Amino acid sequence: MAVKSVIEAVREGMFEEMCRDPDVFLLGEDVGPRGGVFLASQGFYEEFGRDRIIDTPLAEASIVGIALGAAYKGMRPIAEIQFSDFIWPAANQLIGEAGRVCYGTNGNLSVPLVVRVPYGGGIRGGLFHSQNVESYFFHTPGLKVVAPSTPFDAKGLLKSAIRDNNPVVFVEHKKTYRMVRGEVPDDDYVLPLGVADVKRAGSGVTVVSYGLMVHYCLEAAEALSGEGVDVEVVDLRTLKPLDVDTILDSVRKTGRVLIVHEDNITGGVGAEVAARIASGAFDYLDAPIGRLCGPDVPTMPFASSLEEAYMPSTESIASELRNLAAY
Amino acid sequence: MARVSRAPSTETALPTKHKQLGLSDDEILGIYNKLVLIRAIEERIWALNRQGKVPIAASSQGHEAAQLGSLTAAQKDGSCFLFPYYRDVALKIAVGLEPEQVMRSFMGKVGDPYSGGRQFPFQGADLPHKIIQISNVVSAGVTQATGYALAGKLKHEETVVLCYFGEGGSSQGEVHEAMNFAGVHNLPIVYICENNRYAISVPQNRQMAVGNVADRAESYGFRGVVVDGMDFFASLQATSDAILHARSQGPILLEMKVERFMPHTTDDDDRRYRPSNEVETARQQDPVLTIADYLKVHGILTDEQLDSMRNEAQEKVDEATDSAEAAPPPDASTIHDHLFAS
């Protein structure tokens, strides 16, 4: 198995699906000769041509609306939103329309659509290039939301998302694109949507996370292992459908849980996870459910001091885990 | 400037307009018969709303010539797919729904062909008749229709998309985005703006600074055509031409100038904002009257036939109303069904 970065895994996943199925095509801003601003589609234009790699005008609502309409006709569009921060003009097409097509036609019409969304901070992106947008779509019935953390997961989940017959919002943490590397099989493989992954087994404290934060949680778990605290790291991978069973199994084992995400704390994915634990594993809890999340400010500010103050870190996660273990 | 499309005038046209447009006497009579039935259905729906049996309805009264003319063009073509909007009631009935299906949709009963009672009437999809209209967020379907046309082109199909919206909906930013994209990619799509000059209560001069929505087409690199949407034949002719144009050359925008005879919906009171005689004057162009006159002049319809046509329509509407009223609503246990496709 070759070691690859997240962006390489995303690129491979798309490339293989485009080779496999002529109905798959990519549209978005600068996805053509430029290969996407993060180079997710580098070389695609040359390989697949301009009918299947469509550089769109700079207009996000129509990127998603046009993709949606193409999906009605049985195509499997991948729409790239250049930065998650730019997705709001397309919010109606996703939240208002795509998520209601199957339900609102009584099952007569389905939407095999993937919207790829580079998101997240820690890259000095300021208020408009750092946002976590996943909770808005997490709240929306009819949409699936996937948030991988590793190259292996990114490729396997993206391939599943492309083959899925429902609208999938596929969020890719920008900071993981080149920072996170890992083994990726050369052969065709898919990972099922809706299944979390225990990235590190442990018996003392559970930490539930997704995306970039999974890696900080793993580092924190390593740091604590020398202190006799055995941390289990659950990577949600798919936010919706949420794999409640894996979360509850872990919490029933450890009795202590910390939920970590970069997104704002209020109404974030962690709030739902906490509620599910409270109702599904209350009798097993030895400590209050902890949450370490982004504060309720409009994503991370530009200045390095303020950005650091926003982001959960390996140190702050370790500190919270330490407190939970000692409770 | 947009061109103006007119049907051949009655005085000089020999043979008759409908024959020039490829319709036999039986065909034009069949279309008129449908129009009579549609009007009877729409009037009944309005009454049922007042009786508390239909929660909400929009009416196509005044738009029927534009809708049936463009639909007839699409049907004669045979390779069109339709993205109508909420006021396209006549169109959605005329594609081939039974009156009872119509009533079930308006009452939210099992058997509603569009959404099984999950949505407002006639919203969702009627795929057997090649229709999609997911929502009534105005013009949200316009980018989707454009994407459908793109997919047809990518699949090398003959499909031409007819995409409908009102002049009110034409103010939405997504309409600009959609037409711009269609222009860039020369997509096989006919944009049909049914301009009744009112966005609920807001008159056209408060919606736009131009006289014709069709004038905007030029800025997207394609043609805009103003059509007399009160004239069935003009609407048919213009749409037939537009379908051929869309298939061979790319997008085109038809602006059908129509009249809205009824308030915006059953929840609206247009006396608050429309001059008292405006609708009365507009009704002189009612296609239910003008097409009847045309058919009578050409000896295709007699007064007796018209009477029996109306009676038959009323009987059908009575039956449809009774059976739809007796039909069950969707079972509450189905509320979670079809959230996702398998």
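Two strands are said to pair if DSSP finds at least two bridges between them; strands (E, at least two residues) and helices (H or I, at least four residues) are DSSP runs, numbered from the N terminus. The model described here is predicted, so local features need pLDDT of at least 70 and side-chain atom pairs count only at pLDDT 80 or more, while totals for chains, interfaces and linings use all residues. Residues are numbered from 1 along each chain as its sequence is written, and chains are lettered from A and ligands numbered from 1 in the order in which they are written.

Strand S2 (residues 24-28) of chain A runs parallel to S3(A), and three bridges join the two.

The axes of helix H2 (residues 25-50) and helix H11 (residues 303-326) of chain B are 9 Å apart, at an angle of about 45° (axes are lines fitted to C-alpha atoms, for helices over the stretch in contact, and angles run from 0 to 180 degrees between N-to-C directions). H2(B) and H11(B) are therefore oblique to each other, the word used when an angle is not under 35 degrees (roughly parallel), over 145 (roughly antiparallel) or 65 to 115 (roughly perpendicular).

The two chains also meet. The contact takes 35 residues from chain A and 35 residues from chain B, where residues are in contact if their C-beta atoms, placed from the backbone, lie within 7 Å. On the side of chain B that touches chain A, strand S3 (124-126), helix H6 (140-154) and helix H7 (173-185) of chain B give two or more residues; H6(B) gives the most, with eleven residues.

A:Val101, in helix H5 (residues 101-104) of chain A, touches A:Leu109, A:Val111 and B:Ile134, not counting residues up to four places away in sequence. A:Val101 has 28 C-beta neighbours inside 10 Å and therefore counts as buried (20 or more other C-beta atoms within 10 Å; 12 or fewer is exposed, and in between is partly exposed).

Definitions and conventions. Two residues are in contact if their C-beta atoms, placed from the backbone, lie within 7 Å.
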